[in-house]
Amino acid sequence: MARMKFLCDAERCIECNGCVTACKQEHDIPWGVNRRRVVTLNDGVPGEKSISVACMHCSDAPCMAVCPVDCFYQTSEGVVLHDKDLCIGCGYCFYACPFGAPQFPQDGAFGLRGKMDKCTFCAGGPEADNSAAEFKKYGRNRLAEGKLPACAEMCATKALLGGDSDVISDIYRNRVLKRGKGSEVWGWGTAYGKPEKQPAAQPGAKS
Amino acid sequence: MRDNLGMRRLMRWCAVLCIVLLPQFSWAAETSSANEQAQRQTTQPGNNAPVWRDVRGGDNLYQTTQVRGIETDVLVQSGGETWRQIRNGPITVYGGWLLVVITLLIGLFYGVKGQIKLHDKPTGRLMQRFTPWDRVVHWSTAISFMILALTGMVTLFGKYILLPVFGYTLFSWLAILSKNLHNFVGPLFAVCTVLLFFTFVRDNIPKAHDWLWMKKAGGLLSGEHVPSDRFNAGEKIWFWFGVTLLGIVASITGFILDFANFGQGRLLMQQANVIHGIAAVLFVPMALAHIYIGTLGTEGSYTSMRTGSVDETWAKEHHEYWYNDAKTRQGHAPGGAPSAAVAAAMKEGWK
Ligand code: HEM
Ligand code: SF4
Ligand code: SF4
């Protein structure tokens, strides 16, 4: 069985927010809720990098571990989903999640946040596949239609990859080999240091 | 006078220094990684290490996002994993066992010692121990506390204890009810705690003779009679460490958790939850002991808070100094000689 994952290639992401828009549109997401966002590191500094981030569908998911009503479940493809009928809106999944993925429709005064909403990897929820009830609560179930997540499909530069982890990591590895940089996943840049043409560094200078 | 002036001048200088220097430091911290990155680009275009080093920090001025909201520009927040370890670990496990052990100990104590009865016959003459105001404040705090304790326990332990029994749907309803009760009764409890503090603080000031009471553990084990004021040392410990300290800690952290609309970050919420949880698993066992002593454990205790008055025999046997004071204030000296216990205590001396 495939293990579904997201991967964002920071060398390609141009911070167009197309994935964010695609997600909102595909699932009819209300104002204030953002299942996906793009973060730019060192914005405006030479070498800035952008990354599109949403729920990463963790293996040992922290959100799942802390939920007081145990409303999360992981599909056989590794997608982390939850049951909104059970969710009590306590916000604990949001405290535990490293990526800030869980979202809430209300502001949280007196602990009233509404039901948690997050990226479903376009895989819906516990309701019958592609039913109206499923769409209303979780958005479209593209996986059930044989499609991949809308954000990755929509990405103009193909920076954001979503799908079977074996397939997408092969694509990424080939890219890294071809362009010879941006290989943070394997640490190439750090390992091979400066290009040959550069004058030798003074002793004691940082590398 | 001169000292004071010097001190004030020093403090003013410190404040000025802080105001001038702090932004410099944070500015330096925020830009150093950006500078490093810019430099790295000229020497090692393929090496983005400085960028990635910042990913978990999120306090980089140049880390941005188009999505509005609290901390949306933070890519990875590491605190959540620590919070998960502490909350699902020691707080749930040790906290849970502490509750079980204390409950068993109380049960054991009751089984062995039974209820502490009055030694002499009730006189039939009643004395006022708690005014109506005292009782309203006590019971408002007590009832709101019990609601908070029960509903909080549902949130913390329900998944392990109630969920397997009730099933998902029913437990979720219970959890929603619990959460809303907890989050609305919480602020009420905080107000009650403040009122309770001011209502009872006067008679909870520690006195020298409280030491003697402590040394003899109130005669709880020996059965010996140890005189005390309106409140004995045990009650004073509950007042200061339970009601006051834990009450304030639980209330402050509770408010932080209850009003996410003020935009506090995740780290603060995680820390508040840990402290709140620790306070809760200490507060509840202390309250259990207090409730036991105030109801099952002591004959006549519960009616004193229920009705406000106690029999003179009860007053004399449990709070003899208070009894004597009350009698003196009424205009006539306490009947007869001081009891053997008071005489003994006086002989031993307080200091
Ligand atoms: C003094 C008695 C109190 C006790 C025994 C108590 C107990 C608890 C417990 C056990 C939890 C669950 C912690 C967890 O699952 O990690 C909790 C959560 C919480 N408490 Fe309290 N608490 C008390 C007072 C308060 C007060 C005064 C407030 C508010 C002003 C408050 C607000 C909250 C909030 C907002 C949560 C988060 C859970 C949720 O939203 O459902 N608590 N409390
Ligand atoms: S919500 Fe957060 S913690 Fe849970 S699976 Fe998604 S990324 Fe992981
Ligand atoms: S907000 Fe909902 S999904 Fe998240 S931990 Fe609480 S009950 Fe579970």
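This is a predicted model: local features need pLDDT of at least 70, side-chain atom pairs count only at pLDDT 80 or more; totals for chains, interfaces and linings use all residues.
Local features require pLDDT of at least 70 and side-chain atom pairs count only at pLDDT 80 or more, whereas totals for chains, interfaces and linings use all residues; side-chain values use heavy atoms, with hydrogens and water left out. Residues are numbered from 1 along each chain as its sequence is written, and chains are lettered from A and ligands numbered from 1 in the order in which they are written.

The interface involves 59 residues of chain B and 61 residues of chain A, contact being defined as heavy atoms within 4.5 Å. About 5000 Å² is buried between the two chains, 57% of it from carbon and sulfur atoms; buried area is the accessible area (1.4 Å probe) that two parts lose on being put together, summed over both. On the side of chain B, the most area is lost to chain A by Leu75(B), Arg84(B) and Arg266(B), which together give 12% of what that side buries.

One salt bridge is counted between chain B and chain A, a salt bridge being a side-chain nitrogen of Lys or Arg within 4 Å of a carboxyl oxygen of Asp or Glu. The side chains of Arg84(B) and Asp60(A) form a salt bridge with an N to O distance of 3.0 Å. Helix 6 of chain B gives the most to the side that touches chain A, with 11 residues; helices (H or I, at least four residues) and strands (E, at least two) are DSSP runs, numbered from the N terminus.

Within chain B, helix 3 (residues 79-113) and helix 9 (residues 266-294) pack at an angle of about 5 degrees, with their axes 9 Å apart. Axes are lines fitted to C-alpha atoms, for helices over the stretch in contact, and angles run from 0 to 180 degrees between N-to-C directions. Helix 3 and helix 9 of chain B are therefore roughly parallel (angles under 35 degrees).

In chain A, Arg3(A) is found in the segment before strand 1 (4-8). The C-alpha atoms of Arg3(A) and Gly163(A) are separated by 7.7 Å, although the two are 160 residues apart along the chain. The side chain of Arg3(A) makes a polar contact with that of Ser59(A) at 3.1 Å, and a polar atom of the Arg3(A) side chain lies 3.3 Å from the backbone oxygen of Gly78(A). Elsewhere in chain A, Asp117(A) and Lys84(A) form a salt bridge (2.7 Å, N to O).

Definitions and conventions. Angles under 35 degrees count as roughly parallel, over 145 as roughly antiparallel, 65 to 115 as roughly perpendicular and the rest as oblique. A polar contact is a pair of N or O atoms within 3.5 Å; within protein, one must be able to donate a hydrogen and the other to accept it, and residues adjacent in sequence count only if both atoms are side-chain atoms.
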